[in-house]
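Please read it with the sequence and structure at hand.

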Amino acid sequence: MADKIKVATASLCGCFGCHMSILDIDEKLFDLVELVEFDRSPINDIKTIGKCDIGIIEGGVANSENVEVLREFREHCDILIALGACAVNGGIPAMRNQNTLQECLETAYIHGIGVDQPCIPNDPEIPLLLDKVHPIHEIVKVDHFLPGCPPSGATIWTFLTELIENKPISFPYEQIHYD
Amino acid sequence: MPEQQTFKLDSKTIPFRDGDTIMDAALRAGEYIPHLCHNPEFTPHGSCRVCVVSANGRHVSACTQQAMNDMEVDNRSDAIMDKRRNLLQMLFVEGNHVCPGCEKSGACQLQAVAYYTNMLSPHYTHFFPKRSVDASHADIAIDFNRCILCELCVRASRDVDRKNIFSISGRGIKARLVINSDTGKLGDSDLTATDKAVHVCPVGAILPKHRGYDKPIGERLYDRQPVSQVGDVAAHDEDDNHG
Amino acid sequence: MDPGKITSSIQLPGPGDSTLLLQHLVRIQAEFNYIPDKAVADLSSSLGIPAAEIRGVIDFYSFLHLTPRGKYDILFSDSITDHMLGSRELITDLTEKLGVTVGEVRGDGRVSVDTTSCTGMCEQGPALLVNRLAINHLDQQRIEQIARLIEEDVDLADWPKEFFQIDDSIQRQDILLSSMASATGASPDTLTTLLSPEPDNVLDILQDAGLRGRGGAGFMTAIKWRSCRDTAAEQRYVVCNADEGEPGTFKDRVLLQRYAHQLIEGMTLCAHTINASKGYIYLRGEYLYLLEHLQAVLQERRDLGLLANNISGKAGFDFDIDIHLGAGAYICGEESALIESLEGKRGIPRKRPPFPVTHGYKNQPTVVNNVETFIAASQIILHGAEWFKGAGTEQSSGTKLLSISGDCERPGIYEYAFGTSIRQVLGDCGAHDTLAVQIAGAAGVTIPSEQFDRSIAFEDISTGGSFIIFNSDRNLLDMVQNFTHFFAHESCGFCTPCRVGSSLLKDLIDKLHAGHAGHYDINELNRITIIMRDTSFCGLGATAPNPVIQTLTNFPEIYERQVQHTDYEPAFDLDAALEEARQVTHCFGPEAHIKS
Ligand SMILES: Cc1cc2nc3c(=O)[nH]c(=O)nc-3n(C[C@H](O)[C@H](O)[C@H](O)COP(=O)(O)O)c2cc1C
Ligand code: SF4
Ligand code: SF4
Ligand code: SF4
């Protein structure tokens, strides 16, 4: 392959665990950088996205900024990947969907343990929260899903090599789990 | 002696007896047909539809369809697997399944069957229904978020325990499991930890308390081998049933 | 209502017959506008049914409630035909006048207003039910009167009689209706004639006549009756399916209203043929207004020795009929769900086989037939197989009653010989500029004008009788939306594909209808319809996607003009999802919105 494959990654409403897992492919990381070049990603701290072959999204969509970033990724990436439980189905953050936003915010900022200045933050700079946390496929078209909390480094490696080599995507049994 | 009756399950010839369903005969022959609401100890229910097969070209549920001589049953084709995956995806979006936070994870049959069908995402739009957790009972908790309405607990409590503790209320997407006690709470029912109903739930909805996450990841029921080899969660000693 | 009064006035059954649960609940609901907890507890102890199960039954049927409805409980029929006649404007009108929100009870408990599935008054809509009694021909004036009567708290018995007038609407007769035109009342001679041939002979005649079920599925009636008779049993049952829940069908209503004697003659003939001593009419709750009339007819026949013991002077031929009321559940028209409901339970379809003919009511052999089928059977025995075969086609003998509604000058009941073309029907009822005809109800077929030469027959377009006409001013997507809502509401919830799929489908059609869908969503529609069709447990789920499948095939343009040019559109309204946050944080500026 002549040109390196351009990859961008982002963490929306996630815990960066999936990004840690990308790094967790260990020594294969060296093979990976042979094949790919990172565009916007927390890994290199590049903040704007250019045209990419692959976009990898960790985390679900919880606020207006998540929506914006996700849409930008969809626009700039040929292939968009939902990485990890939160991107795939909302994950742990989606457990807040059982409550109204008001209840969530009041619990956190008003009645929470250790709150000394009860007040729901409303600086216009802070992105507004959506009433529910959504998996990313409910906002944009997603081409591939990699479940797991987080998906293992091995799963990510299997996937990326298959994708890059244009092979059908399939995994050994142990590499797919939802937790 | 009358000639042995058989049918074809994919390429295998499966013998059967009068009155057998496709599922009965397949199970006896050691052949796996994915299922959730079926448990050989109870009368077939046919509600989850995950055991859908194509028998002589007709889509039927293997757990309810009587086996017939020379029947040709498709249990493995991509088309059949695709239907099952879609049914599982519907079950996932219908409830609130947060596997990373579920004690049953790794030993959950819904998960395991989903792995078996290569389900990588729930695909559909989530309903995110508001459901509750009932922890009022001293020994058993029930998390309605994870209930898939297989009615195994309903059947076990009615037919084995003779207590009728569970039943179904509502209809359509509003159908839900309810507890038969004055308050509707599990703690006010006669359920005991040794009841059959407590040991048949294929998912993490009915769980014994005071434990959980007691098997390390990698050693749980379905961590290393697929459900087609391990079998139903209910068939394993209940001490093994936990993540 | 004070609870003490409730307990004393609820007449509870003696211990035992749990099959009467639903009937008790219907009665208690009618009396108190809800089922009080005390009644649940008392029924539980007297019938030996767990309270949660009783609440489960209440929660299953749309007409039963655990909390009080208004003293005047109004349900607007919500079928597409009602919409076409302007029902939605009238609902808004009434709720505004009364100051009540749809689905809720007004603060003072006086009135509640909601919608309900098609009430079977399509040719004289828009229609509503007030405390389960039908009022048709709604218009602004009638709505105004109703609002006034409610505000003035006028007893229903004192509402204008003409409100409750229900037309027969028979527009065209063929051999069946005209053979009964003169014979209306109870006729001992007719019954004697019906009971004179040997049962085997009756079966042979019905077989020869080629009578097939008129409820939709078209099963050979003679075969059904014969297998029931040939199954060894202590008791056999004859059940008349008068649930008529298919949107757009109302012919059973007219038959019950006008030809109740002929129906009971048919049921009695069946009982005599299969050796049954007990029968039931399962009457949909929406037809409550017919109950008194039917009971009077049954009593008249008992008094004349045409029902109950030693019928028609035949020593040992005992047969009686009870009427069971449904309570707002379309699935109870499916015969095995109907039997569950007859047994007092939630109307969940049974596994089949075994079929009701061998294991039906109380697990005994049971014949379930449609109203029209019983009537046709008795007329065949009276007039002969040749008379019947003189109409219709080789494979579909006789005639069919069509319930015609929608865009035409003369809606109503039309009887046609099988084999009649749609074009002829449209001409006769005065339909102009017809875009499509929806035949066989919500789960039926959507026929475009190129196919109007097709005919009504089991071998071509098979139908229980629903025939809804849409002219070219209509948007068929409105129909699709109405039907997908209907199925999501009526799914019994037993099996995964229908329980979840019908709601997914409804949400997608709503998205499309609102103009928020992309091309991807069309594929999604296809995907869900296939899963529902191929994997559902019963006919409801398997046919629920039909309106989508039919229109995607025959009228793709109604989808194309609704989809966005983008491929993929979010599953929900992103900006609306920020509204709660805007309210909580009081941020309303442009930065507090998402552009779509
Ligand atoms: C969802 C569903 C609803 C049905 N509703 C009715 C109905 O309202 N009336 C009816 O006669 N048959 C209805 N049927 C058909 C019945 O199951 C059954 O076939 C019929 O009552 C048999 O009578 P017949 O042979 O005289 O037509 C329904 C079937 C299904 C699957
Ligand atoms: S019940 Fe099974 S599928 Fe549901 S959250 Fe628990 S582990 Fe996951
Ligand atoms: S609680 Fe478990 S066993 Fe009971 S219906 Fe739900 S999933 Fe089935
Ligand atoms: S298809 Fe399934 S959910 Fe739908 S009505 Fe039939 S049994 Fe009930």
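## Chain contacts, domains and ligands

Where chain A meets chain B, the contact takes 26 residues from chain A and 32 residues from chain B, contact meaning heavy atoms within 4.5 Å. This is a predicted model, in which local features need pLDDT of at least 70 and side-chain atom pairs count only at pLDDT 80 or more, while totals for chains, interfaces and linings use all residues. Residues are numbered from 1 along each chain as its sequence is written, chains are lettered from A and ligands numbered from 1 in the order in which they are written, and side-chain values use heavy atoms, with hydrogens and water left out.

The size of an interface is often given as the accessible area lost when the parts come together. Buried area here is the accessible area (1.4 Å probe) that two parts lose on being put together, summed over both.

| Parts | Buried area | Share from carbon and sulfur atoms |
|---|---|---|
| Chain A and chain B | about 2200 Å² | 61% |
| Chain B and chain C | about 3100 Å² | 55% |
| Domain 1 and domain 2 of chain B | about 1400 Å² | 65% |

**Chain A with chain B.** About 2200 Å² is buried between chain A and chain B, and Q98(A), Y173(A) and Y178(A) supply 37% of the area that chain A buries against chain B, more than any other three residues. The rule finds 1 salt bridge across this interface, a salt bridge being a side-chain nitrogen of Lys or Arg within 4 Å of a carboxyl oxygen of Asp or Glu. The side chains of D179(A) and R220(B) meet in a salt bridge, with 2.8 Å from N to O. On the side of chain A that touches chain B, the residues divide into 14 nonpolar, 8 polar and 4 charged. In this scheme Ala, Val, Leu, Ile, Met, Phe, Trp, Tyr, Cys and Pro count as nonpolar, Asp, Glu, Lys and Arg as charged, and the others, Gly among them, as polar.

**Chain B with chain C.** This contact takes 38 residues from chain B and 41 residues from chain C. In chain B, R49(B), M90(B) and R171(B) lose the most area to chain C, together 24% of what that side buries. The count between chain B and chain C is 4 salt bridges, and R499(C) and E94(B) meet through their side chains in a salt bridge of 2.6 Å, N to O. By class, the side of chain B that touches chain C has 16 nonpolar, 16 polar and 6 charged residues.

**Within chain B.** Chain B is divided into domain 1 (5-76) and domain 2 (87-223 + 237-241), with bounds that come from an automatic or database domain assignment. The C-alpha centres of these two domains of chain B lie 25 Å apart, and 17 residues of domain 1 are in contact with 18 residues of domain 2. L36(B), F42(B) and H45(B) supply 46% of the area that domain 1 of chain B buries against domain 2 of chain B, more than any other three residues. Across this domain interface the rule finds 1 salt bridge; E41(B) and K196(B) meet through their side chains in a salt bridge (2.9 Å, N to O).

**Within chain C.** Over all chains, a search of the whole structure finds 60 salt bridges. R253(C) forms a salt bridge with E123(C), the closest N and O atoms being 2.5 Å apart. R253(C) lies in helix α12 (residues 251-258) of chain C and E123(C) in the loop between β2 (111-116) and β3 (128-130) of chain C, so the pair ties together parts that are 130 residues apart in sequence. Helices (H or I, at least four residues) and strands (E, at least two) are DSSP runs, numbered from the N terminus.

**Ligands.** A residue is near a ligand if one of its heavy atoms lies within 4 Å of it. Ligand 1 is surrounded by 19 residues, the closest being G215(C), N241(C), N369(C), N370(C) and T373(C). An oxygen atom of ligand 1 is 2.9 Å from an N or O atom in the side chain of N241(C), and an oxygen atom of ligand 1 is 2.8 Å from an N or O atom in the side chain of N369(C). Among the residues that surround ligand 2 are C99(B), C102(B) and C108(B), and the shell around ligand 2 divides into 7 nonpolar, 4 polar and 1 charged. The residues around ligand 3 include C147(B), C150(B), C153(B) and C201(B), and by class this shell has 11 nonpolar, no polar and 1 charged residues. V203(B) is listed around ligand 2 and also around ligand 3.

Terms used
A polar contact is a pair of N or O atoms within 3.5 Å; within protein, one must be able to donate a hydrogen and the other to accept it, and residues adjacent in sequence count only if both atoms are side-chain atoms.
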